[in-house]
Amino acid sequence: MDLASLWPQLSTPAVCLDAQQQLQAPNPALCELLGLGARRLEGMTLAALAPGRAELVEAFRRVLAEQRVVQLRDFALVDAAGVTVMVDLTLSPLAAGGALLEAHALAPAARESNAQLSESLRGFAHEVKNPLAGLRGAAQLIARRVADDGVKELAGLVIAEADRLAQLANRLLQGSASPAFAPVNIHEVLERVAVLLASQGQAAIVRDFDPSLPRLAGDADRLLQLFLNLGRNALEAEAERVVLRTRAEHSARLHDRIVRLALRVDVIDNGGGVPSAVSDHLFLPMVSGRADGSGLGLALCREIAAEHGGALNYRSRSGDTVFTLLLPYGESHD
């Protein structure tokens with residue numbers, strides 16, 4: 001069988017990469033996907049194929065160093081017309097050196113569904129801003145007119161949450177706005193989460209913090225949203241006890257890399273657990289274990305974790321569910 005004659009007939013977009021990260025022999029399917037001719041692609045570097053996406057170059061280096069397959073999910077490439085093409089990428093080591101890069105484009109139906117979902121979310125964000133402004137104004141009036149310090153504190157909580165939701169709405173309206181990274185004291189974030197959860201149910205909220213943990217670079221509002229979603233899921237699972245636990249974890253594995261030091265945050269509850277019917281695809285959009293659930297909360301949580309270079313995982317059985325967030329403090333190493 002003449003493999004050279006079969007290469008152009010492959011329906012999967014593919015290209016070989018030499019040890020210098022240059023594209024060699026792009027097949028017609030890849031040229032069609034990107035809208036670029038073979039001569040234009042030939043010799044192009046991997047970094048030029050996806051400008052600003054250092055994780056692709058890093059994945060290639062891992063393939064060469066470890067001689068194993070590395071995959072990148074939901075990766076954005078830009079074609080010749082400037083249109084974003086969402087693909088799953090697979091890099092495989094070649095016996096002669098270098099690697100094989102395959103691009104598996106997401107199905108058009110999935111792209112259309114995601115686009116419709118984005119438009120719906122932006123529409124919701126637009127409509128929710130006016131009620132939020134009214135809610136904030138009412139809370140301000142209550143805070144001014146009452147003498148009870150406890151009521152004033154609750155009114156302040158409402159105002160702060162209205163402001164946070166308004167910021168989230170603005171983020172949706174602006175599209176995929178980048179996170180606002182700054183030094184974050186994770187315990188300040190979790191303390192606010194604990195107060196909000198305590199105001200929403202009868203569950204005992206337990207703080208198990210390691211006070212020696214340093215600050216880390218992050219978006220405090222986005223992390224607050226992540227932990228609130230996890231905590232509220234615990235309350236909706238009828239948990240009587242929710243534990244917020246922080247620890248340092250050395251040589252932590254984040255997907256297919258290892259970091260020297262990571263922050264570990266566990267959200268632990270004794271509720272009913274994750275239904276087995278959704279356990280394998282819990283983090284996908286529109287997947288929910290409740291009839292009235294939107295299926296967006298956990299998908300958003302994993303998105304926020306990814307924004308911070310971290311990983312979100314879970315284990316669950318009835319009476320013992322643990323969602324674990326790992327966020328890197330330092331650079332990764334192989």
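The model is predicted: local features need pLDDT of at least 70 and side-chain atom pairs count only at pLDDT 80 or more, while totals for chains, interfaces and linings use all residues. Residues are numbered from 1 along each chain as its sequence is written, and side-chain values use heavy atoms, with hydrogens and water left out.

The chain contains 10 helices and 13 strands; helices (H or I, at least four residues) and strands (E, at least two) are DSSP runs, numbered from the N terminus. Of its 334 residues, 37% are buried, where buried means under 20% relative accessible area, exposed means over 50%, and partly exposed lies in between (1.4 Å probe, protein chains only). Among contacts with a separation of 6 or more, 59% involve residues 24 or more positions apart; contact means heavy atoms within 4.5 Å.

Axes are lines fitted to C-alpha atoms, for helices over the stretch in contact, and angles run from 0 to 180 degrees between N-to-C directions. The loop between helix 5 and strand 3 holds Gln67, a residue with a positive phi of about 50° although it is not a glycine. Gln67 counts as partly exposed, because its relative accessibility is 48%.

Strand 12 in turn pairs with strand 11 in the antiparallel sense over seven bridges, and Tyr314 has Phe323 as its bridge partner in strand 12. Strand 11 and strand 12 form a hairpin with two residues between them, and Gly319 in the turn has a positive phi of about 90°.

Ala262 belongs to strand 10. Ala262 counts as buried because its relative accessible area is 0%. Not counting residues up to four places away in sequence, Ala262 touches Arg247, Ala248, Glu249, Ala252, Leu326, Leu327, Pro328 and Tyr329. The C-alpha atoms of Ala262 and Ala252 are separated by 6.2 Å, although these residues are 10 residues apart along the chain.

Two packed helices are described by the angle between their axes and the distance between the axes. Helix 9 (residues 220–236) and helix 10 (residues 297–307) pack at an angle of about 145°, with their axes 9 Å apart. By class, their contact has eight nonpolar, four polar and three charged residues; Ala, Val, Leu, Ile, Met, Phe, Trp, Tyr, Cys and Pro count as nonpolar, Asp, Glu, Lys and Arg as charged, and the others, Gly among them, as polar. In helix 10, Leu298, Ala299, Cys301, Ile304 and Ala305 are buried, and what covers the buried residues of this helix includes helix 9, strand 11 (311–317) and strand 12.

These elements also meet in a nonpolar core, that is, a set of buried Ala, Val, Leu, Ile, Met, Phe, Trp, Tyr and Cys residues joined through side-chain atoms within 4.5 Å. The largest core has 35 residues, of which Leu223, Leu226, Phe227, Leu230, Val242 and Leu325 touch the most other members. Helix 8 (186–198), helix 9, strand 9 (241–254), strand 10 (257–269), helix 10 and strand 12 (320–328) each supply at least two residues of this core. Helix 9 contributes the largest share, eight residues. A second, separate core of 28 residues includes Met44, Leu49, Leu77 and Leu91.

Conventions. Two strands pair if DSSP finds at least two bridges between them.
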